[in-house]
There are 4 protein chains.
Amino acid sequence: MSIADAAGKPASPPSSRTARRDRTRQAILAAAEREFAAKGLFGARVGEISRRAGANKRMIYYYFGSKDALYLVVLERVYAGLRGAERRLHLDHLEPQAAIRTLIESNFAYSRAHPEMISLINNENLHRARHLRKSKKVRELHSPLVRLIGDILRHGVAKGVFRRGIDPVELYITIAGIGYFFLSNNWTLSAIFGRDLSSAAAYRRRRRHIVDMVLAALRA
Amino acid sequence: MSIADAAGKPASPPSSRTARRDRTRQAILAAAEREFAAKGLFGARVGEISRRAGANKRMIYYYFGSKDALYLVVLERVYAGLRGAERRLHLDHLEPQAAIRTLIESNFAYSRAHPEMISLINNENLHRARHLRKSKKVRELHSPLVRLIGDILRHGVAKGVFRRGIDPVELYITIAGIGYFFLSNNWTLSAIFGRDLSSAAAYRRRRRHIVDMVLAALRA
Amino acid sequence: MSIADAAGKPASPPSSRTARRDRTRQAILAAAEREFAAKGLFGARVGEISRRAGANKRMIYYYFGSKDALYLVVLERVYAGLRGAERRLHLDHLEPQAAIRTLIESNFAYSRAHPEMISLINNENLHRARHLRKSKKVRELHSPLVRLIGDILRHGVAKGVFRRGIDPVELYITIAGIGYFFLSNNWTLSAIFGRDLSSAAAYRRRRRHIVDMVLAALRA
Amino acid sequence: MSIADAAGKPASPPSSRTARRDRTRQAILAAAEREFAAKGLFGARVGEISRRAGANKRMIYYYFGSKDALYLVVLERVYAGLRGAERRLHLDHLEPQAAIRTLIESNFAYSRAHPEMISLINNENLHRARHLRKSKKVRELHSPLVRLIGDILRHGVAKGVFRRGIDPVELYITIAGIGYFFLSNNWTLSAIFGRDLSSAAAYRRRRRHIVDMVLAALRA
DNA sequence: GATGAATGAGAGTTCATTCAT
DNA sequence: GATGAATGAACTCTCATTCAT
């Protein structure tokens with residue numbers, strides 16, 4: 001499933017002008033996501049994006065202005081996709097420990113299902129988040145998440161299952177990071193250790209490991 | 001401190017041929033490390049490397065053959081640097097828990113002191129370890145490390161301080177990853193959470209966190 | 001007269017897209033023909049071709065893909081030009097001896113008028129016909145010629161003016177070669193013998209010589 | 001057999017300075033002959049020549065001054081080799097018709113045995129004999145040949161076997177050319193006619209053809 | 001909204017040649 | 001006589017972007 005699909009625009013009458021417009025835009029975005037994920041901002045080729053999108057190169061400039069601007073839109077969509085998936089978990093309806101476990105597993109599963117996301121984020125760090133910093137959209141996207149994790153933690157402390165003093169941002173970084181590295185560095189790790197770490201078994205073992213570690217660290 | 005400095009060739013009479021050869025080679029390697037780390041393989045410019053190295057562009061091809069080959073040499077040096085630092089810890093002389101703690105802290109400190117290493121490894125994952133896979137040098141570098149961690153774990157189990165059944169490779173990935181993500185994604189994390197995670201305080205807090213988590217997970 | 005002119009595309013409205021396309025393509029081809037003929041494939045410079053064509057260097061790659069591919073197109077055009085000239089002789093309407101004489105004289109005259117053709121063919125032999133072998137176009141171009149010469153020979157034998165057992169391909173090689181060497185090696189021959197062999201008189205003397213030789217060899 | 005071997009310098013005591021000098025020079029010349037023949041003046045690489053010769057690149061400049069100067073020496077050696085072979089035929093001891101037949105067959109055989117000669121001469125024509133024109137050596141080499149053919153023709157006329165009025169230079173060009181084209185253009189001819197013209201049978205058929213044609217043309 | 005043709009700057013790479021030893 | 005290191009110019013080819021229709 002491409003991240004693009006998650007954006008979910010409502011269907012339009014097939015041949016209206018807006019529909020064509022939208023189809024081209026979406027095709028470009030989907031192609032750009034793949035290309036930027038595969039080769040990074042520097043390695044990605046505008047011509048290749050237009051070819052994959054079945055659109056004229058000129059259209060990229062018409063709709064997005066420049067390669068860099070297109071890249072930023074792709075990046076924002078990627079974060080929106082991840083946050084959207086998390087929102088659909090309705091963590092606020094769950095007990096604290098179940099909520100954390102669900103968050104961990106969902107985050108890890110989502111990352112595995114969307115390798116482009118990892119590539120894109122890695123690449124954006126190469127650029128010192130130069131593009132992302134310009135986006136208020138992304139910052140707005142994350143404050144509800146921080147609030148939500150804070151609520152879960154408070155709730156857990158109140159129930160006596162979590163210890164005090166855990167910072168929601170730090171916790172989220174731990175949850176995300178402990179799975180991310182395994183996925184993002186899967187290739188080099190496989191190479192230096194001479195092992196295949198991309199198997200489903202390796203993935204499941206690691207998921208169990210992550211859940212254990214994090215819940216142990218939170219326990220009151 | 002550049003990783004290059006660690007190579008430590010003995011000084012030669014200043015104007016001998018070997019000396020000039022070495023000086024040029026090393027200058028190119030140091031410049032290449034910075035350029036590849038800053039912009040990735042695609043973004044790095046051969047001309048920029050030669051300029052920074054104070055060498056003629058032709059010399060890169062004379063000594064290394066191609067941009068790709070130079071990149072691989074840089075990559076191997078980076079891994080060799082990290083492994084060298086780990087070797088110098090003499091973990092086999094320490095008690096099991098102290099050994100693990102030392103490994104964690106050293107690895108995290110080294111990663112922080114060498115941001116180029118992180119960039120380069122991230123970039124190599126973008127390329128699906130295409131270059132690294134060709135290097136037997138790197139594979140040979142890592143088997144002693146796996147053996148060493150295995151020894152520490154066995155020793156800890158024998159002493160009753162560690163639980164059984166921990167795989168050394170899995171453990172190393174956890175140790176490395178838990179710090180790596182924080183450093184490698186520092187820029188995007190700071191951007192999406194609107195926080196500065198690059199401070200010394202944030203670093204120390206995370207170090208403590210990592211040590212706690214890993215030791216808790218190992219405990220018998 | 002450039003070989004290019006023979007292609008004869010119909011005129012288009014001066015500023016239509018197709019017209020511009022064609023103008024650029026043809027300009028590149030004409031320039032390439034001169035450059036490749038003057039310096040060979042290795043010596044020819046893409047930059048020089050684009051300059052002579054008044055086109056951007058990029059256009060050569062846009063229309064032809066590579067220097068090598070452009071070279072092959074030029075080569076095919078050259079052969080097409082020669083064969084076209086031969087086709088326009090309508091040899092099948094002539095008596096056998098007149099047909100052969102006409103073929104010889106036309107071939108020799110064409111070769112003299114198109115020194116680029118000789119250069120290009122010589123150069124392609126340096127490359128062991130590596131490019132030409134890929135072209136089915138050229139092979140298809142020559143089978144009607146072989147058939148035609150076969151017809152002429154048969155006709156001559158039936159009329160009792162030619163002897164039997166002449167192979168059409170061998171005959172064509174003799175006809176072409178006996179004039180070709182004089183033209184293609186004119187420079188070195190002039191140098192080693194200290195004579196000017198490029199004069200019109202030398203050319204005419206040789207033409208007479210060729211016709212005599214070949215007709216004598218065919219006579220029944 | 002390389003053309004180089006024909007030059008036949010007298011043997012020197014194996015490790016004297018002159019011997020080493022000579023060995024390097026000869027190795028360079030042999031390598032240069034192959035390289036220039038295979039790729040022409042433009043395509044030939046100085047580095048490749050030195051590698052093939054097992055000599056340092058610098059030595060080429062030490063002994064010959066430049067790529068162009070080396071090329072001229074190679075060219076002169078090639079002509080000297082051909083003329084040397086012709087001298088060794090002692091045509092002045094033969095009857096006129098036998099002399100001509102021997103000259104034709106020897107020339108054709110020599111050309112076939114030395115494809116580098118053909119390549120080099122073709123290439124020099126691409127350069128409009130720019131280098132060869134500088135060489136008095138080559139001009140001096142050919143005047144005896146012209147004199148010799150003149151003598152044979154006069155002798156044949158006196159004996160009543162040849163007709164009058166044949167120019168020796170023209171005759172030589174005919175003799176050389178009629179075989180040369182077949183050999184020099186063997187690759188393109190094979191390609192355009194879809195036939196293999198490089199076989200021994202094709203060669204023998206053509207040799208017979210050439211002898212017949214020329215002797216027929218000379219007959220009184 | 002969409003297209004193909006065009007551009008100039010600059011990429012990686014290779015060259016013949018020379019320097020210092 | 002011989003060597004390896006060094007050079008700057010020039011090569012083929014690719015890029016993101018814009019023009020005219």
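Let me begin with helix α8 of chain D, residues 136–158, where the 23 residues at 1.5 Å a residue should span 33 Å, and the end C-alpha atoms are 34 Å apart, which agrees; the expected span is 1.5 Å times one less than the number of residues. Helices here are DSSP runs of H or I with at least four residues, strands are runs of E with at least two, and both are numbered from the N terminus.

Residues are numbered from 1 along each chain as its sequence is written, and chains are lettered from A and ligands numbered from 1 in the order in which they are written.

Staying with α8(D), its buried residues are V138(D), L145(D), I149(D), I152(D), L153(D) and G156(D), where buried means that 20 or more other C-beta atoms, placed from the backbone, lie within 10 Å of the residue's own, as against 12 or fewer for exposed and anything in between for partly exposed. The cover over these residues includes α9 (186–193) of chain C, along with α5 (67–87), α6 (96–113) and α9 (168–184) of chain D itself. After the helix comes G160(D), with a positive phi near 80°.

Helix α10 of chain D, residues 186–193, has 6 of its 8 residues buried, so it is largely enclosed by the rest of the structure. Those buried residues are N186(D), W187(D), T188(D), L189(D), A191(D) and I192(D), and they pack against α4 (67–87), α6 (115–126), α7 (136–159) and α8 (168–184) of chain C, as well as α9 of chain D. Just after α10(D), G194(D) has a positive phi of about 60°.

Turning to chains A and B, 43 residues of chain A are in contact with 43 residues of chain B, contact meaning that the C-beta atoms of two residues, placed from the backbone, lie within 7 Å. On the chain A side, α9(A) gives the most, with 9 residues, and that side divides into 23 nonpolar, 13 polar and 7 charged residues. In this classification Ala, Val, Leu, Ile, Met, Phe, Trp, Tyr, Cys and Pro are nonpolar, Asp, Glu, Lys and Arg are charged, and the others, Gly among them, are polar.

Within chain A there are two domains, domain 1 (8–65) and domain 2 (68–218), with bounds that come from an automatic or database domain assignment. Their C-alpha centres lie 28 Å apart, and the contact takes 11 residues from each of domain 1 and domain 2 of chain A. The largest share of the domain 1 side, 8 residues, comes from α2(A).

Finally, confidence: pLDDT, the predictor's confidence in each residue from 0 to 100, has a mean of 88 over chain A, with 91% of its residues at 70 or more. Over residues 1–12 of chain A, pLDDT stays under 50. Where pLDDT is low, the predicted coordinates should not be read in detail.

Note on methods: Predicted model: local features only at pLDDT ≥ 70, side-chain atom pairs only at ≥ 80, totals over all residues.
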